Amino acid sequence: MKVPFVSFLPLERRLNEELRAAFDRVFRSSWYIEGEEDKAFEKAFAGYVGTKYAVGVGNGLDALMLSLKALGVGPGDEVIVPSDTYIATALAVTYVGARPVFVEPDLRTFNIDPDRIENALTGKTKAIIPVHLYGQVCQMDRIMEIAKKHGLFVIEDSAQAHGAKFRGQRAGSFGDLSGFSFYPGKNLGALGDAGAVTGNDDALIEKVRALGNYGSDYKYHHIYQGYNSRLDELQAAFLAAKLPILDEVNEDRRKTAKKYLEGMNNPSITLPYVPEDMEPVWHIFAVRTERRAELERFLNEAGIGTNKHYPIPMHLQECYRDLGFKEGDFPIAEEISRTELSLPMYYGMSEEEIGHVIDTVNRFR
């Protein structure tokens with residue numbers, strides 16, 4: 001039996017008519033940038049997240065970069081980022097001329113460890129970017145306390161956590177701003193690249209919007225040296241078609257994760273850990289094992305797709321050689337990079353597919 005790592009087919013079948021209607025509506029309108037579709041989605045998404053505003057942008061990386069720019073982070077500043085995450089988080093910091101400062105995660109949750117943040121702060125620290133990795137929210141109460149104590153901005157990286165909650169509050173509604181990605185593989189995914197920034201401060205949101213529109217507050221009037229990063233009408237329409245069933249999608253993933261957690265009992269494999277007060281949305285179901293290559297081969301031979309997030313930690317990436325790090329400098333990130341393996345997780349997995357994954361994992365010796 002074959003089980004892909006991810007499949008869009010069940011969701012596409014579920015929303016076939018809605019997605020086609022969205023395309024037809026935009027095509028007939030002959031309006032493709034900054035139109036009614038974008039406005040409608042921004043309003044709906046802000047309401048879903050629990051913020052006053054949302055601004056559609058080109059992608060998740062731009063969402064973080066524009067947020068940093070809007071907050072005045074730039075050359076000479078330092079920004080706290082987790083040592084274990086996708087490289088876009090650090091690149092956003094680099095793009096504004098600041099320096100990413102890596103802080104190790106909690107090995108159980110993969111999220112940044114609040115106990116380590118204060119030791120990494122310096123007089124140059126301007127902001128913290130907590131990443132809600134794999135669909136589980138960080139310990140935002142403690143992170144916000146640290147930020148308030150030291151006068152720091154908080155930009156949530158919510159790219160993998162659409163709809164996830166901590167103590168009943170959704171990801172993307174804690175910090176000064178939050179960046180979302182709508183890359184097709186996300187729980188709420190476009191049919192191409194797309195992103196958004198959420199927040200509650202009127203002035204900050206308007207600055208993000210202007211920065212993403214060539215620095216313009218109105219046509220041909222440019223108040224910033226801006227960028228071209230806008231959510232196009234077609235992707236906004238597709239996202240608006242998907243948003244009403246996002247909670248249903250997330251609940252389906254939770255049920256799959258629950259079956260994984262209850263059914264997998266292989267002592268050589270460490271399963272994900274969910275602290276109290278968390279409602280993850282399981283963008284990724286990540287396990288750890290010292291025998292990753294063997295487990296990956298065993299699963300692939302059984303027709304089960306897998307992935308590795310992320311096999312080279314950021315501090316050892318070629319592009320960040322200038323930061324001067326070496327192997328061993330961030331041992332927790334390195335251990336996760338060496339041992340993490342992601343199992344199939346997507347909306348619409350069948351009982352047979354889920355059972356095949358569980359049985360195969362348990363047979364691994």
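Biologist: Is the crossing in which helix 3 passes helix 9 left-handed or right-handed?
Modeller: Helix 3 passes helix 9 in a left-handed crossing, meaning that the near helix is turned anticlockwise from the far one by less than a right angle. Helices here are DSSP runs (H or I, at least four residues), numbered from the N terminus. The model is predicted, with local features needing pLDDT of at least 70 and side-chain atom pairs pLDDT 80 or more, while totals for chains, interfaces and linings use all residues. Residues are numbered from 1 along each chain, and side-chain values use heavy atoms, without hydrogens and water.

Biologist: How do the axes of helix 3 and helix 9 cross?
Modeller: Two packed helices are described by the angle and the distance between their axes. The axes (lines fitted to C-alpha atoms over the stretch in contact, angles from 0 to 180 degrees between N-to-C directions) of helix 3, residues 36-49, and helix 9, residues 233-242, come within 8 Å and cross at roughly 40°.

Biologist: Which residues make the contact?
Modeller: Glu36, Glu37, Asp38 and Phe41 of helix 3 meet Glu233, Ala236, Ala237, Leu239 and Ala240 of helix 9, with heavy atoms within 4.5 Å. By class, five are nonpolar, none polar and four charged; Ala, Val, Leu, Ile, Met, Phe, Trp, Tyr, Cys and Pro count as nonpolar, Asp, Glu, Lys and Arg as charged, and the others as polar.

Technical notes: Helix = DSSP H or I, 4+ residues; strand = E, 2+ residues; numbered from the N terminus.
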